[in-house]
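Please consult the sequence and structure shown below while reading.

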Amino acid sequence: MKLFVFFLLFFYSLFSWSQRPELKFIHISPIEGLSHSFVRNIVQDHKGFIWIATANGLNRFDGYDITIYKNNPQDSNSIISNDVLRIFKDHKDNLWVGTNKGVQLYNKEQDNFYFFKETENGYINSIFQDSNKDIWVSG
């Protein structure tokens, strides 16, 4: 009887491991609506949106459609530059965006950007959060 239970569990484990979920990959390019083919950074937020930093705007992909955020000189709450270098998600799920003109914080409720800090040389190389929850930006 013990041998039967062993074989039953053995075969069950084989079948359960073979039932892995199928992964689906989608190729996104300017043909599908991406703002530029030069992708610098990709982040997924808590809602499942994929944020893509490109040389010509910030793209948000929901699995079906792409929303492109670009600078609008008449709107002070638009992204400060189309040259998006870095995206960082902090512990509170805030999205920090580094461009060639500085750092901005994405406002989820109003779907716009708060200008946080301009850098001396402009270019943001990295955005990081330490164990004390402080945000560090290098330019």
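Strands (E, at least two residues) are DSSP runs, numbered from the N terminus. Asn 59 belongs to one of them, strand β3, which spans residues 57–61. The model is predicted: local features need pLDDT of at least 70, side-chain atom pairs count only at pLDDT 80 or more, and totals for chains, interfaces and linings use all residues. Residues are numbered from 1 along each chain as its sequence is written, and side-chain values use heavy atoms, with hydrogens and water left out.

- Asn 59 has a relative accessible area of 0%, so it counts as buried (under 20% relative accessible area, with a 1.4 Å probe and protein chains only).
- Leaving aside neighbours within four places in sequence, Asn 59 is in contact (heavy atoms within 4.5 Å) with residues including Ser 35, Trp 51, Thr 54 and Ile 68.
- The side chains of Asn 59 and Ser 35 make a polar contact at 2.8 Å; such a contact is a pair of N or O atoms within 3.5 Å, and within protein one must be able to donate a hydrogen and the other to accept it, while residues adjacent in sequence count only if both atoms are side-chain atoms.
- A polar atom of the Asn 59 side chain lies 3.4 Å from the backbone oxygen of Gly 57.

**The sheet**

- An open, antiparallel sheet is formed by 4 strands in the order β1-β2-β3-β4; two strands pair if DSSP finds at least two bridges between them.
- Strands β1 (39–44) and β4 (66–69) each have a single partner strand, so one side of each is left without a neighbour in the sheet.
- Antiparallel strands β3 and β4 are joined by 4 bridges, and Leu 58 has Tyr 69 in β4 as its bridge partner.

Key:
Buried < 20%, exposed > 50% of the residue type's maximum accessible area, 1.4 Å probe, protein only.
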